[in-house]
Every structure is written in structure tokens, then in C-alpha cells.
There are 2 protein chains.
Amino acid sequence: MKFSVSEENYIKSIYHLQQQGEVVSTNDLASELQTKAASVTDMLKKLNGKNLLNYERYQGFTLSDEGTKVALSIVRKHRLWEYFLVHELEFGWDEVHDIAEELEHISSPLLVEKLDSYLSHPKFDPHGDPIPDINGKMELRKQVNLIDLPLDVEAEVSAVGSQSTELLELLKHKNIGIGTVLTVLRKFTFDNSLEIKVRNFPPFSISQQLAQTLFLKPLYGSTTVGSISK
Amino acid sequence: MKFSVSEENYIKSIYHLQQQGEVVSTNDLASELQTKAASVTDMLKKLNGKNLLNYERYQGFTLSDEGTKVALSIVRKHRLWEYFLVHELEFGWDEVHDIAEELEHISSPLLVEKLDSYLSHPKFDPHGDPIPDINGKMELRKQVNLIDLPLDVEAEVSAVGSQSTELLELLKHKNIGIGTVLTVLRKFTFDNSLEIKVRNFPPFSISQQLAQTLFLKPLYGSTTVGSISK
DNA sequence: ATAAAGGTTTAGGTTTGTCTAAATTTTATT
DNA sequence: AATAAAATTTAGACAAACCTAAACCTTTAT
């Protein structure tokens, strides 16, 4: 079955919101998509009619198994293209999101599989997010939020919680990226800022807001986890 | 300035029709785009309003300089992507047209330039068509239609006049592709069929219809030719 | 030169995806 | 438990891109 760009964007956003809290609300989706609640309701009816949603009016909604499958295939395309843009075309990891947002709607399934082979089946995109395989399965990194990382434990930055230009600019300034290995030296309760240490750099501090967007993998540990595929 | 996918498709089709005869008609464009004449008129008004056309009602139309610039940038993207699909992703040259038709609408100019560098600035796409550079300039092959090729002259197939599946299927069967070197042994006036010879194959015959779709470059000879760029 | 034929445009309508404003349902408060 | 507040849905409109049918030019043929 084929879907419009608009339908695909709704499906993908619902998927992402579901990662946070079980059920998704009309208003949350509207603000995620920069649109109005009334427009969301219209689209929900349409997607529900195609059996992509579990939807009861006024009660919130989630993706059906079928909807999840569609979402995962879009996420797969998005992350494979991001990988291509960064590792082949030499884009910066902070420049690729908008382009991948367009490329993810190219419809050829054969293209996706050829791209995947060409890139040697990467498991994670340049932001550290896992790339679903053709059946929707992906590796799950045992990730810890930097806020929760114990003192003096070495860990590798594996994902960032947002793609905003502002965040990526700050990370670039502080020389932090996917793969950076660091340890927390001190935590200050006054403002929840952290003093951290990166190899070859003097210690420096980062704010609570920044720490909350960084996810790390304590050195060693990764598991494969199932998902929808029927 | 940004254009919708629909606008871009109209611009590209007008460009291609102009390659054949000077001025383009509403009906020709409608049949090229598989749509109705009335829809074409609607879009013509829109494109004319954006100064992309030279248009007088009932009198046919052509692309303005600005319109030509837009067309060339779309053609550039289409042909670069085709090159990528065939030479990097290992698609067959007969499988890439529809995918490139989608990819050509991805808007990032930086992406196009990075792709061009990545591919080492190719001058011709897998069908033998020239790829415009960033200023719209492209090489022009001194091409001869197979019908017009003199007897016993060695020439290399450099372009095919259509992308129809039927044609490509037949070419595959006869082992003819871009780069194939052949000579014409005889011409039969009864049905205008040709007896041709390809190295390492016994001579075989091809029909007038097929010969008309093949363009060749007599061995050696290519020129750079200017185009819109102001 | 004029009528028929053919091509083009206009008029009015449809679908998709959006919107505002009003109505309805749920939730939160007292 | 009743009502105020907040969230959601419905109703009615709009723009883009398409359509059919009718009107309008241009070309062609007699």
C-alpha cells in the first residue's frame, strides 16, 4: 500500500511520540507537526480508515501493528539516508536531518535494500539512533541519560535527544559528538550542572539542560530486541 | 525560488518537448504528462505568472531564460541520480528512470553538488544523455541516428531515444547498450531494416523502428556547447 | 470566403490537506 | 456533584491540482 507524504509524516510523528508516552494526544501531535488540532483529527480519521491506528474519539490513539510496520520502514529509510549523507557525501551530522526528511519519502523498496547493502548494513545512524532492518528489528543500546551516569564511569555518547540546530551548535562548540568518551567528575546540586572530563581536554562543565539531551553507553553492552514484523 | 513537484514536472516536460520542435502546444504537453488540456492551461497561467514562460494564449509557449535555468537544474539532478543508481548502487540502466523521477525533486542544492563531487563530475548519464553542470552547460555529443550511419563506419551507441520498458527489453535481448560498438553491413530498402555487426557476435538484423531510437557517436568527436546561465 | 474540424481556454466541480470558529466531550476544581 | 477549563471533534471554507463540458479561437478544406 502506498501513502502520501503527508500521511507518512503523521505516521512517523505518532511513532516518535509513542516512544515517549504510551498513548498519543491530538494536541501533542499537532504541535509536533506544526499544524492545528482540527487538521490532525481529519487525518486521524483517514489513517484509522486504513487500519493504521487504534483510535477511539476523544481517547487518544496509537499505531496499529500495520501502522507500526509502516512507521519503521520510514524510520529505516530516514536513518539509512542520514548514514549515506554523513559517511559517503561528507555532510556534517548536524546538516542532514532536513534532507533525510525529504529522502525518506522516496518509494522504491529495492532502492532501500540496495542502499543498505551499499552501506554494508549499518546498525546506527550518525546521531546514534538504531536503524531498523527490513523486518523492523533493530539493536537497542543500553543507553543512560548523562544525568543518571554515576561518577567516574567511562561512557560513550551514543545518541542525542534532539536534532535542533541550537543543540548541535553547542555540541560542536564543546567538541562532543557521537562516539565521544567521557566521565562525570562532579555533580553540583545547586543547578544540576556537571563537571565532565573528555580525554585530551581539560575538564569542563555542562548544564542540566544539555546533559538531559545526551545518552551514553557505559563501555560495552548491546542487545538485539524484537519488534513488530508479522 | 522553490517550486512544487507538479510545477517542476511541467517545466521539465516543456524543456524536453522544446528539444524536438521550437514551440510547445497545450495538447502535446497534456499527452506528455498524461493529463488533460484544461489542466495544462491552468498550470500555464501559474508558471507564466512566475515568469518561467513565454506564453500568449492560443499561440503555444516556450520556457523563458529563467524557466530554462530551472529545467536544467532538474535535468541535472535527474541524470546525476541515474548515474549514482547505476554506477554505485548497481541498478540496471533500464530500472532507474522512475526512481530518478522522484529523486530529482529533492530540493537541497548542497546535496546536488556533493553528489556531483562524490561521483567525480560525470559528463553523461547511463543512457548517454549529457549532464548539465551547475551553470546549465553540458557537453553535446555529435550523435548520428543509426538510420543515417554510413555503411562500414564504426560507431559507439551513445544514447537511446526512449526509456520504454519494451525498448529496453529488446535492447537487452540483442545485447546492445550504451558503449556498444557496431557497424552497419547492409541496408534493405524493402523494410528499411539493417544488417549490423557487433564485435564478438555474428551479424544480425534490426528493424527500422529500433534503429530510429539508437544514436551513435562515430569513433572520436565531442564538443562543449553553451546554454542559458545569466 | 466560409464552414467544419481541431486545438485551447473558461466555467464550474472534485479531492487532499489545510484552516477558523463553534460545538461537544473529558478532566479538573471547588 | 456541579461547573469551569481544557482538549477534541465537527462544520464550513480555502488553495492546489486535477477533472468534464461548454465556449472560444485558429487552421484547414472546400
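Because the model is predicted, local features are reported at pLDDT of at least 70 and side-chain atom pairs at pLDDT 80 or more, whereas totals for chains, interfaces and linings use all residues; side-chain values rest on heavy atoms, with hydrogens and water left out. Residues are numbered from 1 along each chain as its sequence is written, and chains are lettered from A, with ligands numbered from 1, in the order in which they are written.

Chain A contains eight helices and 10 strands, where helices (H or I, at least four residues) and strands (E, at least two) are DSSP runs numbered from the N terminus. The C-alpha trace of chain A spans about 55 × 45 × 30 Å along its principal axes. For 230 residues, a compact globule would have a radius of gyration near 17 Å, and the value of 19 Å for chain A agrees with this; the radius is taken over C-alpha atoms, and the globule rule is 2.2 Å times the number of residues to the power 0.38. Of the 230 residues in chain A, 44% are buried, a class defined by a relative accessible area under 20%, with exposed meaning over 50% and partly exposed in between (1.4 Å probe, protein chains only). Among the contacts in chain A with a separation of 6 or more, 63% involve residues 24 or more positions apart, contact meaning heavy atoms within 4.5 Å. Chain A exposes about 12,200 Å², of which carbon and sulfur atoms supply 49%; accessible areas come from the Shrake-Rupley method with a 1.4 Å probe, and for residues only the protein chains shown count as cover.

Buried positions in α1(A) include Glu7(A), Glu8(A), Tyr10(A), Ile11(A) and Lys12(A). Glu104(A), in the loop between α5 (97-103) and α6 (109-118) of chain A, counts as buried because its relative accessibility is 0%. Apart from its neighbours within four places in sequence, Glu104(A) is in contact with Glu8(A), Asn9(A), Lys12(A), Ile74(A), Lys77(A), His78(A) and Trp81(A). The C-alpha atoms of Glu104(A) and Trp81(A) lie 7.4 Å apart, although the two residues are 23 residues apart in sequence.

At the interface, 20 residues of chain A are in contact with 20 residues of chain B. The area buried between the two chains is about 1,700 Å², with carbon and sulfur atoms giving 70%; buried area is the accessible area (1.4 Å probe) that two parts lose on being put together, summed over both. Leu89(A), Lys114(A) and Tyr118(A) supply 30% of the area that chain A buries against chain B, more than any other three residues.

In chain B, six strands form an open sheet with antiparallel pairing in the order β4-β9-β5-β6-β7-β8, two strands being taken to pair if DSSP finds at least two bridges between them. Because β4 (144-145) and β8 (204-206) of chain B stand at the edges with a single partner strand each, one side of each is left without a neighbour in the sheet. Two bridges link β4(B) to strand β9 (residues 214-218) of chain B, and Val144(B) stands opposite Leu216(B) in β9(B). Strand β5 (residues 155-160) of chain B is joined to β9(B) by five bridges, with Leu214(B) as the bridge partner of Val160(B). Five bridges also connect β6 (residues 181-187) and β7 (residues 194-198) of chain B, where Thr183(B) has Lys197(B) as its bridge partner.

Further features of chain B concern individual residues. Gln34(B), in the loop between α2 (26-32) and α3 (37-49) of chain B, has a positive phi of about 55° although it is not a glycine, and this residue is exposed, with a relative accessible area of 74%. Asn175(B), in the loop between α7 and β6 of chain B, likewise has a positive phi, near 60°, without being glycine, and is partly exposed at 46% relative accessible area. His173(B) belongs to helix α7 (residues 165-173) of chain B and counts as exposed at 63% relative accessibility. The C-alpha atoms of His173(B) and Asp152(B) are separated by 23 Å, the two residues being 21 residues apart along the chain.
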